[in-house]
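Please look over the sequence and the structure shown here before reading on. The report that follows takes up two topics in turn.

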Amino acid sequence: MPAGGEGALTVTVGMKVSPEPESEQALLDLMRRYRDALNYSVRVIMANRALSLTKAHRLLYNDLKKRFGLPSVTANVCYREAIAIAKSWLRNPRRGNVPTLKSLSMWLRPKDGYRVKGDYVELIGGYRLRIVGWDRRYDDFPNREARLVFREGEFTLYIFKQVPRPAKYAPKGVLAVDINERQVVVGNSHVEQRVETPIERALHYRRLAERLQGKYSSARYSAWLRRSGVRRRVRRFYRKAKNIIEDWARKASHTIISLAKQSQLAVAREDLTGLIESLKELPKDHRAALIALGYRRLGYWIDWQAEKNGVPLLVVDPAGTSSTCPRCGAELVEVGYRRLRCPRCGLEANRDTIAVLNIEKRALSKMGGTLTSPTAPQVTDVSPNRWGEPP
Ligand SMILES: [Zn+2]
């Protein structure tokens, strides 16, 4: 896997590509052979603990060329990827069986593996793919490794590029992000904004998938029906639920980071590791699993967008952010639905507002500043996405 170097950021540019109709089957065939060769290589590497390039080359290179019919360059890339997979599997303390890859996805090296020429991509083996559309913002940066993926009837080429890491500005304040399962609340002592989460919408698809799975798992239906069509539909529902979460996380993080940048604020979020772990402990709870996924993906995208846009980011301890008074530190008491009051200083606000103020306070103290007298903002549960969707 390519990693960002010091002062550089690795970005991925996805481009939809389309092979010439007469060569599509041959290309798919190459990708299938690559996948099979990769699965084979991972097993050979594990069995022989051949984690070095020299060892892997000796064990696999000829086989990959002869048995799987891979071009030399592709055979090289293949056992390299297999080593990376084997290493990351060995690093994982909770590893199960040796992974078997099912999707069609092929690594390509720049120059000898693929080349972008005008509106076409040329691949090893003489394949020409027309570029249907791509993000041109990074055109000026050299192409590095790429991955050709075939999914749901479409080819996408993901090209890795290294771009300079933007300098971070000196923040004028903090924009705190509090996440609960219904909403993301963004704000500080002066402003507050709420964005709905898509958990319910995603759950709808998971429920559909479950219903379908339950219905057709009965013996009333033929084995064929149970195996093929239904399984594909169930998988599609699951993927849909995941995509909903991913889309939302990307858009919401974009909104948050743009807002912070506009006002030159640092973004502060809670460290959600503990929360995600505890959600994962709940056995077979799909709601919890989706919430955990949402938290994880939002955290990922906020961090990434902050890096990409030069927005300073602070991750704060989440302990007690929605139960202690942001003004005086006393334990708050509940006085209504999600409403809390401080018995010592009288501050009263919505639970999420309290969390935002505490996150802001913690971030400011991390930055070396102090918050002398935070006041609760006017709580207005305004319509979601008032800031609008990112372009
Ligand atoms: Zn207080």
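## Terms and model

A polar contact is a pair of N or O atoms within 3.5 Å, where, within protein, one atom must be able to donate a hydrogen and the other to accept it. The model described here is predicted.

## Helix α9 and its ends

N350 caps the N-terminal end of α9, with a side-chain oxygen that lies 2.8 Å from the backbone nitrogen of D352. The helix itself covers residues 351-367, 17 residues in number, and reaches 24 Å from its first C-alpha to its last, which is close to the 24 Å expected at 1.5 Å a residue.

D352, which receives the cap from N350, is also one of the buried residues of α9. Other buried residues of this helix include I354, V356, L357, I359 and L364, and also N358 and E360. Just after α9, G368 takes a positive phi of about 95°.

## The zinc site

The zinc ion has as its protein donors the SG atoms of C325, C328, C342 and C345, which lie 2.2 to 2.3 Å from the ion. Along the chain these donors follow the spacing C-x2-C-x13-C-x2-C. Within this site, C325 in the loop between β12 (313-316) and β13 (333-336) and C345 in the loop between β14 (339-341) and β15 (348-350) form a pair that links distant parts of the chain, 20 residues apart.

The arrangement around the zinc ion is tetrahedral, because the four donor atoms subtend angles of 100 to 120°. C325 counts as buried because its relative accessibility is 1%, whereas C345, at 29% relative accessibility, counts as partly exposed.

Definitions and conventions
Residues numbered from 1 in each chain as written. Predicted model: local features only at pLDDT ≥ 70, side-chain atom pairs only at ≥ 80, totals over all residues. Heavy atoms only, no water. Helix = DSSP H or I, 4+ residues; strand = E, 2+ residues; numbered from the N terminus. Expected span 1.5 Å × (residues − 1). Buried < 20%, exposed > 50% of the residue type's maximum accessible area, 1.4 Å probe, protein only. Donors = N, O, S within 2.8 Å, 3.2 Å for Na, K, Ca; no water. Tetrahedral: all angles 85-135°; square planar, octahedral: opposite > 155°, others 65-115°.
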